[in-house]
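The terms are defined where they are used.

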Amino acid sequence: MTILIFSATSASAGASAPKELKVLKDLHFGEALYYAFQGDWFGAIARLDTELMQHHGVDEPERDTLHYHVHQAEFDVGDFELAYRMHQRAGRAITAVIEGNVEEPVRNEAIFRLARIYFQKDQPVNAQYAVERIRGAVPPEIRDDLDFLRTQILMANGRFAEAARILRDLQDAKSLEGFAAYNLGIAMIKDGKELEGRQYLDRTGRINSKDELTLAIKDKANLVLGSKLLQENNFEGAKQVLDRVRLNGPFSDRALLGSGWADALQGRFERALVPWSTVVTREVTDASVQEAMLAVPYSYGKLNVTGKAALMYGGALEKFGDEVDKLGASIESIREGHFLQALVREEVKQDADWVVKLRELPHTPETYYLLDLMASHDFQESLKNYLDLEQLRTKMGSWERDLDAFEEIIAQRRAYYEPLLPVIDREFRRLDSQMRLRLEQRDRIGQRLKAMLVVPRPDYLATAEERVISEQIALSERKLTAGGAAVPGDVEARIARLRGVLHWNIHTEYDRRFTEAHTHLRDLNGEVERLKRQYAAFVRARQAATLSCEGYDDGIRRQRSLIQAAREKVGELMARQGHMLETMAVNELTARRERLADFQIKARFGMADSYDRATRAQTQEKGE
C-alpha cells in the first residue's frame with residue numbers, strides 16, 4: 001500500500017494544500033503527522049519524540065523505516081514544538097540539524113525556521129544573526145517566505161532602507177500579494193520617504209482579489225493611509241481612501257467612523273450621518289460604535305434637529321449605562337472565577353470561531369468584551385498558555401485513569417494465571433527431565449558413530465534379535481560346560497556354526513547398517529530441533545505469562561508519583577496564569593468602563609444642550 005504525505009510544516013503554518021508529495025514509509029511518523037494536522041500538537045510531539053528517540057537508539061538506524069524521513073522528522077518536531085510554543089526546545093531541535101552534516105538546502109531551511117522562531121519570540125537581533133548565516137541554495141518553496149522574513153527582521157531592527165530594497169523584488173510574489181506592497185509602504189514611510197511610501201499604501205488599497213487575507217491587508221492599508229490623511233486635515237482625500245474599505249471587513253467600523261469625521265470636519269454633517277448611521281447599528285461593545293453613538297446626535301445638533309439629537313443622546317446614554325452595568329458585572333464575574341470557566345468549556349472550543357461564540361454563552365457577562373481583549377498579543381499568549389495548561393491537566397487525569405485500567409488488566413491476568421502456572425510447571429519439569437535424558441542418549445549415539453568412522457565396531461550395530469541369539473548361544477555353552485563336562489563334538493560344531501552365521505550377518509551388513517544409523521541420527525536431530533523450538537516457545541510463553549502480570553507495580557507507582565507531582569505543578573501554574581488573565585481582563589474592562597463613563601458625561605452634556613437649544617427655539621417661535 002502506498003501512502004502519500006506532505007510536510008507537516010504546511011500544517012503548522014495553516015496551509016491548505018501540500019507543497020510536495022512523498023511516499024510514507026514509517027507509519028509511526030505518519031501517526032504523528034495525523035495528530036499535527038488535527039492541531040493536537042501535544043500528541044504529535046509526544047509520538048514523534050518517542051519515534052526519534054527509538055530511531056537514534058537502534059544499532060543500525062539505516063535499517064529503521066524512519067531513516068527515510070529522519071531529516072523531515074527533525075524539522076517537524078521543531079515545528080510542532082514551535083506551534084505548541086515550546087520555543088526553547090524547538091530552537092535546540094532545529095539548531096541540532098543546522099550543526100549536523102546535512103545538505104545545503106536542508107541546512108538553509110533549518111536556519112530559516114530558527115530565524116522565524118527568534119522573530120516570533122521578539123528577538124530580532126538573534127533572528128538577524130540567523131538569517132545572515134544562510135548561504136547557497138535555498139529550497140524554492142520557501143524562497144519568497146525567506147525574503148519576506150528578512151524584511152520583517154530588518155524592519156524590526158530599524159533597517160528600513162534595506163528592507164525596502166528586498167520588498168521591491170517581492171512585489172510580483174503571488175503568495176505575498178498585498179503584504180509585500182503594504183510592508184514596502186510602511187518601510188518607506190519609516191525611512192523618511194513619506195510620499196513614495198504612501199503611493200505603495202495606495203497601490204495596496206486598490207488591489208483586486210478574492211483572497212480573504214489579501215482583502216484584509218487591503219483594508220488595513222486604506223485605513224492607515226486614510227487615518228494619516230485625516231490627521232493632516234486632508235479630509236477629501238481621507239474620505240476617498242476610507243470609503244474603499246469593505247463594509248463587512250474587520251476594519252469597517254473604524255473606516256466608517258473616520259469617513260464620517262472626514263465629512264463632519266468639513267461641515268457636511270448630512271453626509272457624515274450616512275456612514276455613522278451604519279456604524280451605530282452594529283455591536284455596541286465596539287469602541288467605534290460607541291463613539292458613533294455620540295457622533296450621530298452631534299451631527300443632528302449641528303443640523304439644528306435638536307429634538308432628535310436630544311432623543312438620540314438619551315438613547316446613547318441609556319445604552320452606555322447598560323454597558324457600564326455589563327462591564328461591572330463582567331469584572332465581578334471575572335473575580336469570582338467564571339471567566340476562566342467559560343474559557344475552558346469544551347462545547348465552545350468545538351467551533352472554529354469559539355472566541356466569538358463565547359459572547360453568546362448564557363450567564364457569561366465576562367465574555368462580552370472578549371474580542372477586544374483578544375486583540376492584545378500579551379493576552380492572547382497568556383490565554384494560549386492557560387488553555388495548554390488546562391489541556392495538560394485533562395491529559396494527566398486521563399493518564400491516571402489509564403493507570404487504573406492497566407492495574408485492573410494486570411489483576412485479571414494474575415487471577416487467571418496463578419492457579420494454572422503451578423500445574424503447568426510440574427508437568428514441564430517432568431517432561432524436561434525426560435527430554436534431557438533422551439538428549440544425552442542421542443549425544444552418546446552420535447559420539448559412537450563418529451568413533452566408528454575410525455575404528456569400525458560391527459557389534460555396536462547388531463539388532464536386538466541378534467543380541468538375544470548371541471546371549472542364548474552363550475547361555476547354552478555355559479550349561480553344557482557346567483561341572484567340567486565335555487561338550488559333544490557335534491554339539492560344539494553346531495554352536496560354532498550358529499556363531500559363524502551370526503558373525504557373518506553382523507559383519508556383512510555393517511556398511512548398510514552404519515549408513516542407516518546415520519540416516520536415523522539425522523532424522524532424530526531434526527526431531528530434536530523441532531522439540532527445542534517447542535521448548536523455547538513454551539519458555540517464552542511461560543515468561544510472557546509471568547511478565548504480563550508481574551513487575552508492573554513499581555513502575556505504575558512511579559508513574560503515579562510523577563503524574564501527581566506534575567499535576568501539582570500544573571495547578572500552581574494555572575493559578576498563576578489564571579490570575580494574570582483575570583488581572584489583564586479586569587484592567588482592560590476597567591479602562592473600557594472609564595471610557596464609557598466619559599462618554600456618559602458627554603452624552604448628558606449633549607442631551608442637556610440639545611434640550612436647551614430646543615427650548616430656546618420654541619420660545620423664539622412663540623415670541624414671534
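1. Buried denotes under 20% relative accessible area, exposed over 50%, and partly exposed the range in between, with a 1.4 Å probe and protein chains only. At 37% relative accessibility, D443 therefore counts as partly exposed, whereas R442, at 15%, counts as buried. The two residues form a salt bridge with the closest N and O atoms 3.0 Å apart; the term requires a side-chain nitrogen of Lys or Arg within 4 Å of a carboxyl oxygen of Asp or Glu.

2. The model is predicted: local features need pLDDT of at least 70, side-chain atom pairs count only at pLDDT 80 or more, and totals for chains, interfaces and linings use all residues. Residues are numbered from 1 along each chain as its sequence is written, and side-chain values use heavy atoms, with hydrogens and water left out.

3. The chain has 27 helices and two strands, taken as DSSP runs numbered from the N terminus (helices H or I, at least four residues; strands E, at least two). Of its 624 residues, 39% count as buried. Contacts are heavy atoms within 4.5 Å; among those with a separation of 6 or more, residues 24 or more positions apart account for 63%.

4. The largest nonpolar core comprises 50 residues, and W276, F320, F339, L343 and L581 have the most contacts inside it. Such a core is a set of buried Ala, Val, Leu, Ile, Met, Phe, Trp, Tyr and Cys residues joined through side-chain atoms within 4.5 Å. Elements giving two or more residues to this core include α17 (306-335), α22 (377-417) and α27 (553-623). The largest share, 12 residues, comes from α27. Another core, of 28 residues, lies apart from it and has L184, A187, A221 and A238 among its members.

5. Which residues does F320 touch, not counting those up to four places away in sequence? They are Q290, M293, L294, L596, F599, Q600 and A603.

6. Helix α13 (residues 235-242) is largely enclosed by the rest of the structure, because six of its eight residues are buried. These are F235, G237, A238, K239, V241 and L242. The buried residues of α13 pack against α12 (212-231), α14 and α15.

7. The count of aromatic pairs comes to 11. Rings of Phe, Tyr and Trp (its six-membered ring) pair if their centres lie within 6.5 Å; planes under 30 degrees apart count as stacked, over 60 as edge-to-face and the rest as tilted. The F42 and W399 rings have centres 6.1 Å apart and planes at 35 degrees, so this pair is tilted. Because F42 lies in helix α3 (residues 41-57) and W399 in helix α22, the pair ties together parts 357 residues apart in sequence. Ring pairs also link W261, F269, W276 and Y298 into a cluster.

8. The salt bridges number 35. D202 and R244 meet in one of them (2.8 Å, N to O). This pair links distant parts of the chain, with D202 in helix α11 (residues 194-204) and R244 in the loop between α13 and α14, 42 residues apart. The side chains of E390 and R393 also meet in a salt bridge (2.8 Å, N to O); both residues lie in helix α22, three residues apart, about one turn of the helix. E390 is buried, with a relative accessible area of 9%, while R393, at 35%, counts as partly exposed.
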